Amino acid sequence: MKLRPLAAAFVPALVATLLTGPPAVAADGRYSAEIRRTEYGIPHVSAKDHGGLGFGYGYAFAQDNLCVMASWVVTLRGERSRFFGPDAKSDDPVRPVANLTSDLYHKSVADSGVVRRLLASPAPLGPSADLRELVNGYAAGYNRYLDDTGVANLPDPACRGKEWVGPITAEDVWANLLDLNRMSGGSALKEAIVGGDDEDESPRRAPGSNGWALGREATRGGNGMLLADPHFPWNGIRRFYQVQLTIPGVLDVSGASLYGTPVVQIGHTRNVAWTHTVSHAQRFTLYRLELAKGDPTTYLIDGRPEPMGRQEVEVPLQDGGFVSRTLFTSRYGPVLAAGRGGGYAYALADPNTANLRSADEWLAMSKAADLPGLRAAQDRYQGLPFVYTLATDVGGTASFADASVVPHVTDALARRCARPAPDPSLDAFVLDGSTSACLWGKDADAVVPGIFGPGSRPGLTRADYVANSNNSPWMTNPAAPVTGYDQIWGAVRTDVELRPRVGLDMIDRRLKGADGLGAPGFTLETLQATARSKRNYGFELMRPDLAALCREHRELRATSGERVDVRAACRTLTRWDGRATLDGEGAVLWRQFFDGLQRPGKPGEPQQPWWRVPFDPDQPLTTPRGLRRDATTVRQALADAALFFQANRLPLTLTTGQAQHYGSVPIPGCTEGEGCFDRVRNSGPLGKDGRYPDVNTGSSFMMAVELTPDGPRTRTILTYSLSADTSSPHHADQTALFSRGGWVTERFTDAEIRSDPRLRVTTLTG
């Protein structure tokens, strides 16, 4: 196979009211919270302490998305085969695998006791007292809603009356946080760890994002501004949930949390705003184990034999039976079931294996009064699992850092210890596990051994801007290239790729006032307009050569050998304005052509280059560019695209709004491969009926913030809306707004919240 990285019961007293005020104190003094919902159902949860805040948040989240969490708890407990059968696909939205594979992996994690060991550790390795209270309250609030409503009366038909729905525990919430941290490591390698093979060999890319932090020199008002545009799944547990969390005098943060997590991951306070994008750093390494002769369960370290550990994992099935599997471990981590042979085995070394620190880090970031305070929170916990941080403050300083957990593998160590990978497609460092000289290094300022400390991170602080669209730190700001870091953090002088390039071009044009949006510099309104401009950068770079190709040829030969009249297709493409709006006539035809460029000419052949000017590391923002109109594969791609439309009687002017949907809502946008900034992605190609499968990932929680001395001004859009429950009025309301290009004006202050005529208030005690 191929290896790929990536209950408590309560006596409730629930009062719904249209009045506002401080949360009431529970009769027993345990939990008390107030949930105020404004337009689009957005909850503003306040409480007097962390336990009450978690209680209110867990209750509000369960009202909107209990079924998603209930299903995921079954996954985390390793019980999907019991309820849904071993062969069905799991509910992992990033990389679904067979339920049995999922269960074996998650049961092995649960049985290992890693969560219990971390909970027994003091902070910062274990959770802080505040976070423990928050998590306990969150589980209690979720259970309170379930107890109030009853499984048989749940509004969401997805899990109403299902036997697999029940109360959750705080440990389930911790397990979800741990799995999030492992998402780009062990959790992405389930099949390799436990054995088994997924018939679907199509690559699964990790979620991505765009993020800009704008400083005082880039904004007209001299304030800090931030654009958050994470590109996460539109279904399942890795969706974002929009919320404001408040403990008067302690915490007041607004933004978004990933489902089932009680802390805001992307958001802002009165004075600070931050976002994340997925880092280019390597998340784990493999160690090649030299097996002892005649004993495949023993490996050699410095010439001495060391037996593998054994873990017996048992998974329940629907018929009452069980599947048992023996898994092996090493001093580095789990020994992969895949890749064995030739006297070697491979072990996964994942620095996020025992990482719960991220939740405390996000909680501390939410309490930071300024940018130095946010950095101090990151330095203390060092727990962000796989993301960059872009942040700004009211003073107009912009900051970028890869503050994520990265194995301490210097270039010198990699050169000395590198060994062949068990699979050529594996994107990972493989090190020699037969010698202790190849163990990860140590930094004195690292919170745990084996990771880089804060002093070794790539970072950049500016008064103009920092930006990232999942490119390496190198081009965070072209005026100050970031270099000098070890290769494990990401490459330098490498192809920046189209989505990061168009983002940097958008910033450059805005700072020069060359984008048609008025005077130079960002305002909140021009930030919104820039972020949602729907430019297709690949088309912009190839349009002149495409026009020339069309002038030169009336007919082109398709891959099948058929001669195709391309004149009508050429007219459509050359008339298109290059923006993936709902009414863009040519956007779908262009994507069909562009997708064809990326296919090999013949099965088994490598992809052929289509750029006229190849990448030049000395011109990273202007290369590659142009279209090789003399290349056979380019001409075939255009003929194939035109032929597909002709053969299926589809109009060449088919628009994005006609072809691309999420449920019944038309969705604008295009793919990152085409060079689209606020991109979307479908789960498959264009069908013969002229429709793509539903959008399944892309821009998810978009947030534009201006931090002014008078308080934050914020616009948001949750692209797939607040609730996964199809019966909810908030299942698609923001999706429809997103489709129309709209934004939600955030209500942050108490006065703003109170002034909403749609305000609904719930006072919750228990």
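Ser71 lies in helix H1, which spans residues 50–76; helices (H or I, at least four residues) and strands (E, at least two) are DSSP runs, numbered from the N terminus. The model is predicted, and local features need pLDDT of at least 70, side-chain atom pairs count only at pLDDT 80 or more, and totals for chains, interfaces and linings use all residues. Residues are numbered from 1 along each chain as its sequence is written, and side-chain values use heavy atoms, with hydrogens and water left out.

Ser71 counts as buried because its relative accessibility is 11%, where buried means under 20% relative accessible area, exposed over 50% and partly exposed in between (1.4 Å probe, protein chains only). Leaving aside residues up to four places away in sequence, Ser71 touches Arg80, Asp91 and Trp164; a contact is defined by heavy atoms within 4.5 Å. Between Ser71 and Asn648 the C-alpha to C-alpha distance is 39 Å, and the two are 577 residues apart in sequence.

A search of the whole structure finds 4 disulfides, a disulfide being a pair of cysteine sulfur atoms within 2.5 Å. With the bonded cysteines of the chain numbered in sequence order, the pairing is 1-2, 3-4, 5-6, 7-8.

One of the disulfides joins Cys67 to Cys159, with an S to S distance of 1.9 Å. This pair links distant parts of the chain, 92 residues apart: Cys67 is in helix H1, and Cys159 is in the loop between helix H5 (129–149) and helix H6 (170–181). The torsion about the S-S bond of Cys67 and Cys159 is about -75°, so this disulfide is left-handed. Cys67 and Cys159 are both buried.

Another disulfide is formed by Cys550 and Cys570, whose sulfur atoms are 2.1 Å apart. Here too distant parts of the chain are linked, with Cys550 in helix H13 and Cys570 in helix H14, 20 residues apart. The link of Cys550 and Cys570 is left-handed, with -80° about the S-S bond. Both Cys550 and Cys570 are buried.

A further disulfide is that of Cys670 and Cys676, with sulfur atoms 1.6 Å apart. The torsion about the S-S bond of Cys670 and Cys676 is about -80°, so the disulfide is left-handed. Cys670 counts as buried because its relative accessibility is 3%, and Cys676 counts as buried because its relative accessibility is 2%.

The helices that carry Cys550 and Cys570 also pack against each other. The axes of H13 and H14 come within 10 Å and cross at roughly 145°; axes are lines fitted to C-alpha atoms, for helices over the stretch in contact, and angles run from 0 to 180 degrees between N-to-C directions. Phe539, Arg543, Leu546, Ala547 and Cys550 of H13 make the contact with Cys570, Leu573, Thr574 and Arg575 of H14. The residues of this contact comprise 6 nonpolar, 1 polar and 2 charged; Ala, Val, Leu, Ile, Met, Phe, Trp, Tyr, Cys and Pro count as nonpolar, Asp, Glu, Lys and Arg as charged, and the others, Gly among them, as polar.

Helix H15 (residues 587–597) is mostly covered, with 10 of its 11 residues buried. Among the buried residues of H15 are Trp590, Arg591, Phe593 and Phe594. The buried residues of H15 pack against several elements, including helix H13 (537–552), helix H14 (567–575), helix H16 (632–647) and strand S28 (680–682).
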